[in-house]
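Hi everyone, thanks for coming. Let me put the structure up on the screen, and then we'll walk through it together.

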Amino acid sequence: MTIHSKEHLHSFVTETVRNTQVTDIHTHLFAESFGDLLLWGVDDLLTYHYLIAETFRFKPELSYDAFWAMSKQEQADLIWKTLFIEHSPYSEACRGVVTVLNRLGFDLSTRDLNTYREYYKNVSAKDYISRILELAKVKTVVMTNDPFDSFEREKWSQNHPQDPRFLAALRIDPLLNAWDTSWTLLVEQGYEVKPDFSGNTISEIRRFLNDWIARINPLYMAVSLPNDFAYPEDSSRGRIIDECIVPVAREANIPFAMMIGVKRQVNPSLKGAGDSLGKSDIGTVERIVSKYQDVKFLVTMLSRENQHELAVTARKNRNLLIFGCWWFLNNPSLIEEITRMRFELLGGSIIPQHSDCRIIDQLLYKWDHSREIIAKVLFEKYDDLLAAGWRLEEEEIQRDVDDLLGGTFWKFLGKPDPAAIAAK
Ligand code: RAT
Ligand code: ZN
């Protein structure tokens, strides 16, 4: 059907973006078979590291050690009282909790955490995962799988049947960012590597990567990189990228995902909440993607200041697909500005958002909030197009939204979307 008015356009775009199933390309969620690695429920929701950092700001008298000595439930009580009772929860991470509780049907007028807790006592992880994925209209999530984590390795070795809604990504931070210590972890797994790269070290690192690729079938290899990451670089990281990651990515035909701009542990007392960000040199991205045009790169950058030049770099390199409004950028004002700018420079050849969820409940808010903004910006772009004299069909809008919420990712990988096949 042809779009016939501004109102028709607005309601069709809003409804389509709201209802189209998503492939969430980067999360920290896990399938049920991974046991305690999967976080869910109101206490995990409240002890999210974003909220821990916000709580300390209102509690100058609270010692870090005292907070870390508390049980999870005590921490959640304190966070709830501080951020939700003593102040209004309008930061994005706080509003997210409100959206989740509301979507789950809890009575927000009571503000009684214990009654919310009651609900979770009677649900199983299995049912809850299905409920949240359905409510959030997320068809598949990509996990962050860490071959350096012994608990997770153990889970993979148990060969549980794979839940098709949870797809793998091979995360290799220690290999690239801490070779001085991580080489020993490869030795422990039976690879003959030496800290100075002598002997078979390079081919053994490749063997390690290939073995993990065979074991978990990852959609991509991923790393988070500091803001001062440079390429080329005379360092173990530079060497491993050139001689191990790139050839393995090429041969396995999977992208190398670089998440650039983290300053780890600027405040170690905050533990997992203590990381920050810094502006990076776009030349680094330009040089690596143009050197290896036959390798695919997924890139997201953490600093707002890098977003425009990253989008321009994608215009110049079709082997670069930019994704998401990552971490400190996952705020409505920034998502709106970044998404609009990306649409203007790159049309639909982007992945506008990923959730980065750590707690499965968060899918409800991260996607609700992002969909609202994506729909708003997309409506404006189509409206401008109508004003310029174009005609639009509803089917064309549905096609475009399918691409933005997953299709572009699958086409970049060169793989069919398994959920789309299963639905047929
Ligand atoms: O967004 C986050 O929760 C961060 O703590 C990180 O997990 C980041 O997304 C990463 O994958 O390193
Ligand atoms: Zn992440």
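Helices here are DSSP runs of H or I with at least four residues, strands are runs of E with at least two, and both are numbered from the N terminus.

Before I go on, some housekeeping. This is a predicted model, where local features need pLDDT of at least 70, side-chain atom pairs count only at pLDDT 80 or more, and totals for chains, interfaces and linings use all residues. Residues are numbered from 1 along each chain as its sequence is written, chains are lettered from A and ligands numbered from 1 in the order in which they are written, and side-chain values use heavy atoms, with hydrogens and water left out.

Back to D383. Is this residue buried or exposed? With a relative accessibility of 18%, D383 counts as buried; buried is under 20% relative accessible area, exposed is over 50%, and partly exposed is in between, using a 1.4 Å probe and protein chains only. If we skip neighbours within four places in sequence, D383 touches K6 and L9, where contact means heavy atoms within 4.5 Å.

Now the metal. Which residues coordinate the zinc ion, ligand 2? They are H26 and H28, each through NE2, and D356 through OD, at 2.0 to 2.1 Å. Donors are N, O and S atoms within 2.8 Å of the metal (3.2 Å for Na, K and Ca), and water is not among the atoms, so sites may look incomplete. Along the chain, the spacing of these donors reads H-x1-H-x327-D. Both H26 and H28 are buried.

Next, the strands. As a reminder, strands of a sheet pair through backbone hydrogen bonds, either parallel or antiparallel. For us, two strands pair if DSSP finds at least two bridges between them.

Let's look at strand 6, residues 256-263. Seven of its eight residues are buried, so strand 6 is largely enclosed by the rest of the structure. Strand 5, residues 221-226, runs parallel to strand 6, and six bridges join the two. Within that pairing, A222 is opposite A257. To get from strand 5 to strand 6, the chain goes through helix 13, residues 236-252, in a right-handed β-α-β crossover. Right-handed means that, with the strands pointing away from the viewer, the path from the first strand over the helix to the second runs clockwise.

Strand 6 also pairs with strand 8, residues 297-301, in the parallel sense over five bridges. There, M259 stands opposite T300, and A257 stands opposite L298. With strand 7, residues 276-277, the pairing is antiparallel, over two bridges, and K263 has S276 as its bridge partner.

How many residues of strand 8 are buried? Five of the five, so this strand too is largely enclosed by the rest of the structure. F297, V299 and M301 point one way, while L298 and T300 point the other way. Strand 8 pairs in parallel with strand 9, residues 320-322, over three bridges, and V299 is partnered with I322. The chain passes from strand 8 through helix 15, residues 307-316, to strand 9, and this β-α-β crossover is right-handed.

There's also an open sheet of three strands, in the order 1-2-3, with parallel pairing. Its edge strands are strand 1 (22-24) and strand 3 (166-167), each pairing on one side only. Strand 1 is joined to strand 2, residues 138-142, by three bridges, with T23 and T140 as bridge partners.

Last topic: aromatic rings. A search of the whole structure turns up 23 aromatic pairs. Rings of Phe, Tyr and Trp (its six-membered ring) pair if their centres lie within 6.5 Å; planes under 30 degrees apart count as stacked, over 60 as edge-to-face, and the rest as tilted. One of the pairs is W80 with Y116, edge-to-face at 6.0 Å centre to centre and 90° between the planes. W80 lies in helix 5 (residues 72-85) and Y116 in helix 7 (residues 113-121), so the pair ties together parts that are 36 residues apart in sequence. Both W80 and Y116 are buried.

W327 and F328, on the other hand, are stacked, at 4.9 Å centre to centre and 15° between the planes. Thanks, that's my tour!
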